[in-house]
Amino acid sequence: MSHHLDCPQARADVRLDITDYYVFRGQAGTVFAVNVDPSIAGPDAPRGFHPEARYEFRIDGDHDQIPELTYRLAFGPADQAGRQAVELRRLTGQDADADPGQVLALGRTGTAVDGAEGVKLWAGPAHDPFFLDGDVLHAVGDAFHAGTRVDLSGWSPAAAKNAPFGLDEVYSIVLEVPDADLLAVAPDGRIDSWALTVLATDGQLGNQLNTATPAEDRKLFGDRFAQAIAKVVSAYGTAADPELYGRAVADKLLPNVLPYTVGTQAVFGYGLWNGRSLTDSAPDVMFSLATNTALSTAVTKESVPFKPAGTFPYVPVTS
């Protein structure tokens, strides 16, 4: 649901690097939003959406980690002003790769589009609403690499700051879908979803975790997740059986999909995962879960200088 430049392949072309994924209640339906191409990659990184790629939202309505519904976007080359043509298609059925789908919207980046059958689409540059203290992030990474406690001895919550994410810019895709479209594949209202990027000539960009399908996640990564978590929890001494705790957390994290009940308020919190709003503190939740101890980055949504909006397209659009 969230990472920034998590592997060498992602850094190779950040236009395909998914940094954050959100699902939440919109004004008229369910909103799916994904951010790519973070400006923290540096001034020489390409900007915009890759014209030879597909950007997809995949929705699973029966919880078998196979999508029954896919929304696929493709972009054209950028013009002199940096704007790109965009096409949105809806694909139904489990074999989305073999289905050309139905065109729902045509437009250009930077402009909201009212598509067919009630969908709304916006894609373009936006400010990143992500918030996280970089020192805590690095300390957590070091702890899981070494199997130790998180060493925050040189850090103070009073000095916490949202940098560089507070001024980061990304390219966002925001899609608002009528609830009826989702309820057609999920009669109980509960969906699992995920976003992905695919190069037509090179398969999905990213490391093995990014290229695997959700149905494969537990088999491929469950043991690795469980063992890493167990080592850190053992160092903290917060579980009588660290291995059992590690396995339980791995089973919660995998498959790597975002659950959501259509029509409800999104919250990604300590006691409930139901979508993810643009202001949920995903790092605090994930760090505390993985370490089995209260671990906060001491950074809140108030640190974000550009606030999300209450109206479509919701993300803080750049001027």
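Predicted model: local features only at pLDDT ≥ 70, side-chain atom pairs only at ≥ 80, totals over all residues.
User: How many salt bridges turn up in the whole structure?

Analyst: The search comes back with 15.

User: What makes E117 and R90 a salt bridge?

Analyst: Here the N to O distance is 2.7 Å, and the limit is within 4 Å, so this pair counts as well. The pair links distant parts of the chain, 27 residues apart: E117 sits in the loop between β7 (113-114) and β8 (120-127), and R90 in strand β5 (residues 85-92).

User: Why is R90 called buried?

Analyst: Its relative accessibility is 12%. Buried means under 20%, so R90 gets that label.

User: And why is E117 called partly exposed?

Analyst: E117 comes out at 47% relative accessibility. Partly exposed is the range between under 20% (buried) and over 50% (exposed), so E117 falls in the middle class.

User: Why does the pair D251 and R218 count as a salt bridge, with N and O atoms 3.9 Å apart?

Analyst: The closest N and O atoms are 3.9 Å apart, and the rule asks for within 4 Å, so the pair is in. D251 is in helix α6 (residues 242-253) and R218 in helix α5 (residues 217-236), so the bridge ties together parts 33 residues apart in sequence.

User: Are D251 and R218 buried, partly exposed or exposed, and how do you know?

Analyst: D251 has a relative accessibility of 33%, and R218 has a relative accessible area of 44%.

User: What makes the phi of E117 worth a look?

Analyst: It is near 60 degrees, a positive value in a residue other than glycine. Most residues other than glycine have a negative phi. N292 is another case, with a positive phi of about 55 degrees. N292 is in the segment after α7, and at 25% relative accessibility it counts as partly exposed.

User: Which peptide bonds are called cis, and how do you know?

Analyst: The bond joining L254 and P255 has omega of about 0 degrees and is cis. The bond from F312 to P313 is cis too, with omega near 10 degrees. Most peptide bonds are trans. As for location, P255 is in the loop between α6 and β11 (258-261), whereas P313 lies in the segment after α7 (282-291).

User: Why is α7 described as largely enclosed?

Analyst: Nine of its ten residues are buried, so the rest of the structure largely encloses α7. Among those buried residues are A282, V285, F287 and L289.

User: What covers the buried residues of α7?

Analyst: The cover includes α2 (134-146), α5, α6, β12 (267-268) and β13 (273-274).

Notes: Residues numbered from 1 in each chain as written. Heavy atoms only, no water. Salt bridge = Lys/Arg side-chain N within 4 Å of Asp/Glu carboxyl O. Helix = DSSP H or I, 4+ residues; strand = E, 2+ residues; numbered from the N terminus. Buried < 20%, exposed > 50% of the residue type's maximum accessible area, 1.4 Å probe, protein only. Contact = heavy atoms within 4.5 Å.
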